[in-house]
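Dear colleague,

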Amino acid sequence: MYVVIEGIDTAGKSTQLELLKKNFPNAVFTKEPGGTLLGTKLRVMALGGEAKSQLAEMFLFLADRAEHIEEIIKNNKDKIIISDRSMISGIAYANQLNLDKLIELNLIATQNILPDYVILLELTPSELKFRLSQKQNDSIELRGIEYLINIQNRMKETIQKIGINHIFIDASLKIEEIEKKIEDFINGK
Ligand SMILES: Nc1ncnc2c1ncn2[C@@H]1O[C@H](COP(=O)(O)OP(=O)(O)O)[C@@H](O)[C@H]1O
Ligand SMILES: Cc1cn([C@H]2C[C@H](O)[C@@H](COP(=O)(O)OP(=O)(O)O)O2)c(=O)[nH]c1=O
């Protein structure tokens, strides 16, 4: 079972993943970008803001995704896999091509493998503004509130368009409330 946690930067993914590690001790925890050896190198390049071309940046993430599917997802298909981000981020953050083309490119990278369940943590603009003000931002986060809310909308549109089993959770709820919703969703309650 391949489960992914999605959400724009600061939505609370890492916070919930720490709790999931306690609640699902036998699951395989992974992430994009950077879930493999090659991926750790691609991650540094992708997040460093070095690429002048947005297309080049997108292909770094796609290369990371292709390696991640081959090495982590296919090799653990009998276990519960819980991943921090997925092709949903890949499609939503690469907004220079249309959605159909991006889905096609991402399905090439994933060998047509889709997540079984997607959990999207959803932020309001004001909560996003507050959370970004509380931390040092990387090159993508520096693009701003409107940019990230637009990405969040694209995440929702992508999840609905592909038709993956999903739950959208208000990221401003209490940490424990979110934890409970995620656990119930994964356990099929
Ligand atoms: N439900 C919540 N309510 C309020 N603050 C939260 C909540 N979840 C996470 N945070 C805080 O928001 C910030 C970003 O959370 P984090 O888990 O690092 O997000 P992400 O991994 O999605 O970037 C952290 O300071 C974290 O403590
Ligand atoms: C997976 C993926 C992530 N990204 C972006 C989203 C994030 O800004 C960054 C990944 O960083 P991440 O480690 O998920 O950041 P955080 O913990 O701050 O949420 O890369 C893309 O632009 N394309 C992609 O395909």
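Two strands are said to pair if DSSP finds at least two bridges between them, and the elements themselves are DSSP runs numbered from the N terminus, helices being H or I with at least four residues and strands E with at least two. Please keep in mind that this is a predicted model, in which local features need pLDDT of at least 70 and side-chain atom pairs count only at pLDDT 80 or more, while totals for chains, interfaces and linings use all residues. Residues are numbered from 1 along each chain as its sequence is written, and chains are lettered from A and ligands numbered from 1 in the order in which they are written.

The sheet is open and has five strands in the order 2-3-1-4-5, with parallel pairing. Strand 2 (28-31) and strand 5 (165-170) each have a single partner strand, so one side of each lacks a neighbour in the sheet. Strand 1 (residues 2-6) runs parallel to strand 4 (residues 117-122), and four bridges join them; in strand 4, L120 is the bridge partner of E6.

Turning to the helices, the axes of helix 1 (residues 13-23) and helix 8 (residues 175-186) come within 10 Å and cross at roughly 55°, where axes are lines fitted to C-alpha atoms, for helices over the stretch in contact, and angles run from 0 to 180 degrees between N-to-C directions. The two helices, helix 1 and helix 8, are therefore oblique to each other, a word kept for angles that are not under 35 degrees (roughly parallel), over 145 (roughly antiparallel) or 65 to 115 (roughly perpendicular).

Best wishes
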